[in-house]
Structures are given as structure tokens and as C-alpha cells.
Amino acid sequence: MRHLMNPLDFTTEELDRLFDLANDIEKNPEKYAKKCKGKKLATCFYEPSTRTRLSFESAMINLGGSVLGFSDAGSSSASKGESVSDTIRVISCFADICAMRHPKEGAAMVAASKSSIPVINAGDGGHQHPTQTLTDLLTIRSLKGRLDHFTIGLCGDLKFGRTVHSLINALSRYEDIHFIFISPEELRVPDYIIEMLKEKNISYEEVIKLEDSISKLDLLYMTRVQRERFFNEEDYVRLKDFYILDKAKMELAKDDMLVLHPLPRVNEISVEVDDDPRAVYFKQVQYGVYVRMALILTLLELV
Ligand code: CP
């Protein structure tokens, strides 16, 4: 039995197979419409979510399976003090596969160690968000035709943004990736990631101004400032509008640069950018359903 805790749990060859499957699902959805008949997905979300939870549920329904779960720790027995380990043992009696989001780093790993069904980490604190990374990689591969030879700018909250941490890890395995980290001083990429890049001899630079780097980018990954991970509101308010991608900045960018964002967006991308063909963050959401369908099929060994 296999779980997904980190995008690196899959080799790049396994990822290629997963993305090929996701692209086939996109082209031939009817072929997959009954693949999960009789199977159940539990979504155990101890933290708020729109995309991840609903795209998992949509994915399972598209595959002919059913869904159950909770979307708020307060409505589960976690509010009475039940541990994640006990909860997953119980969920294992009800479902065939579980997607779990939790505010504590490592919670999904604890669940996986006690589970008798595959567990998917749907976000653990500020640590990892592997299925968002699968979504990001599938979007890039589908729209650009490759996952190597890119200059990618990651902009915004690079300290707390778990999608950023997962994406850097995942892209660091591909050839000729140059990272440009664009953040205020207080929200820089954690040291352990910088150490990993240095060890692997992967090129990166850290800058503060988006305008100074945007013209070099093939991909721009915007992120919101993660209010829920700040210790005080004052710091959040000071930093929340540090970056706003607008039409004027988009004019400085390459004609084929893609703008990605894991969403939700707050103010960091002006709505006037939404109609720019380079803005692909809503397409990215759709790719998220295809890749979660492919992931469910793979972990349930139905392909
Ligand atoms: N991208 C993402 O994780 O969105 P949700 O928080 O809405 O699931």
C-alpha cells in the first residue's frame, strides 16, 4: 500500500506516468467514469479548503465512486480530543482512501503510519502540499510541453507557503531550472530549502522587487501572504499587499510567460490580469481534478 506525503514520494518516471494518465483522463473522461464504482474517498479536513477538498470529491465522483468526510475539525471528534492516529483507524473502516489536511506539520505522516488505507497529504501546516504540486507540474507540462529548462519566479510568502516548498522540491529534480525567489526579507524561503539547493548545485537568486525580475521569467508562481500562519496581525497587514501583479507589470513579461497561483487569491493578482492569456490559474484548478483522478486510480491500483 502506498501513501502520498511529499511530491518526492514519486520518481520523475512515476510522475510522467501519472501525468500521461491525467492527460488521457482529460481527453477521454468516459473511459474512467466507472473505474471507482463501489470505492469510497474520505476527505478529513481539519483546516479550511475550497479547491483541494472539492477537487478530490469531484475527482472521486468523476470516477464513479462516493465521498464522505468532514470539512471542519470542530464538527469532528477532534473537538472532543480524539487523536489523528485514532481517527484514521476509524476512517479505515469506512473508506478505501483518505485525503487529509491538518494545520500541524507531519499530521498526515502520523495518520499514514496507523492507516490500513492509502493516505494523501492534502496540506500539513506550512510544510508540504503535494497534490497542489502535482497540479502545478501537470499544468506546466500540459501547457509548455516540458518540466525542464525554465527560469521560474516564486513570488510572495515563500516562508509559510507550503505550495512553494513542495514545488521547489519537485522542480529541483529537473534539468536546468533557475529559481528566482521574490519576497520581502521577512518572508524568505526557509534555510533548509536553500541548503538543499546549494547541496544539489541548483541555481537560485533571492530578490525583493518583482519588476526587476519579471522580464527574465518563463513561469511566475504568485502566492498570497498566509494570514493564518502569522503570529501577529500587525505584521500581516504590513506585508499583505507587498506584491500586486497588474497589467503594467505584465507588460514587462515575456509573451509566453505563464502566471500560476495555487489560489485562493487575495490582492496579489489584480483582477485585470485574469483575461490575459498568460494567466492560467483557473485552468490550473481544472488540471487539479484530472491529476487527483489519476492519483486516486494509481494509489488504489486500478490502472
Ligand atoms: N490551493 C489550495 O490548497 O486551495 P484550498 O485551500 O482552497 O484547498
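Asp-276 is buried at 17% relative accessibility, where buried denotes under 20% relative accessible area, exposed over 50% and partly exposed the range in between (1.4 Å probe, protein chains only). Its salt-bridge partner is Arg-278, with the closest N and O atoms 2.8 Å apart; a salt bridge is a side-chain nitrogen of Lys or Arg within 4 Å of a carboxyl oxygen of Asp or Glu. Arg-278 is likewise buried, with a relative accessible area of 13%. Elsewhere, salt bridges with shared partners join Asp-16, Asp-20 and Arg-141 into one network.

The structure is a predicted model, in which local features need pLDDT of at least 70 and side-chain atom pairs count only at pLDDT 80 or more, while totals for chains, interfaces and linings use all residues. Residues are numbered from 1 along each chain as its sequence is written, and side-chain values use heavy atoms, with hydrogens and water left out.

**Salt bridges**

A search of the whole structure finds 17 salt bridges. Side chains of opposite charge can pair when their charged atoms come close. Three of the pairs are tabulated here with their N to O distances and the relative accessible area of each partner.

| Pair | N to O distance | Relative accessible areas |
|---|---|---|
| Asp-20 and Arg-141 | 2.7 Å | Asp-20 46%, Arg-141 17% |
| Glu-57 and Arg-53 | 3.4 Å | Glu-57 14%, Arg-53 19% |
| Arg-278 and Asp-276 | 2.8 Å | Arg-278 13%, Asp-276 17% |

The side chains of Asp-20 and Arg-141 meet in a salt bridge of 2.7 Å. Asp-20 belongs to helix 1 (residues 12-27) and Arg-141 to helix 5, so this pair ties together parts that are 121 residues apart in sequence. Helices (H or I, at least four residues) and strands (E, at least two) are DSSP runs, numbered from the N terminus. Asp-20 is partly exposed, whereas Arg-141 is buried. The pair Glu-57 and Arg-53 lies within helix 2, where a spacing of four residues separates the two by about one helical turn. Glu-57 is buried, as is Arg-53.

The 16 residues of helix 1 should span 22 Å at 1.5 Å a residue, and its end C-alpha atoms are 23 Å apart, which agrees. The expected span is 1.5 Å times one less than the number of residues. The buried residues of helix 1 are Leu-15, Leu-18, Phe-19, Leu-21, Ala-22, Asn-23 and Ile-25. They pack against helix 5 and helix 10, contact being defined as heavy atoms within 4.5 Å.

Thr-52, Arg-53, Ser-55, Phe-56, Glu-57, Ala-59 and Met-60 are buried in helix 2. Its buried residues pack against strand 1 (40-45), strand 2 (66-70), strand 3 (97-102), strand 4 (119-124), helix 5 (130-144) and helix 10 (281-299). Gly-64, which follows helix 2, has a positive phi near 85°.

**Ligand surroundings**

A backbone N or O atom of Thr-50 is 2.8 Å from an oxygen atom of the ligand. An N or O atom in the side chain of His-129 also lies 2.8 Å from a ligand oxygen atom. The side chain of Gln-132 places an N or O atom 3.0 Å from a nitrogen atom of the ligand. On its own the ligand has 260 Å² of accessible area, of which the protein covers 91%; such areas come from the Shrake-Rupley method with a 1.4 Å probe, and for residues only the protein chains shown count as cover.

**Individual positions**

Thr-135 is placed in helix 5 and is buried, with a relative accessible area of 2%. Leaving aside residues up to four places away in sequence, Thr-135 touches Gln-284, Tyr-287, Gly-288, Val-291 and Arg-292.

Pro-118 lies in the loop between helix 4 (107-114) and strand 4 and is buried at 6% relative accessibility. Beyond residues up to four places away in sequence, its contacts include Met-1, Arg-2, His-3 and Leu-299.

Glu-30, in the loop between helix 1 and strand 1, is exposed at 58% relative accessibility.

Notes. A polar contact is a pair of N or O atoms within 3.5 Å; within protein, one must be able to donate a hydrogen and the other to accept it, and residues adjacent in sequence count only if both atoms are side-chain atoms.
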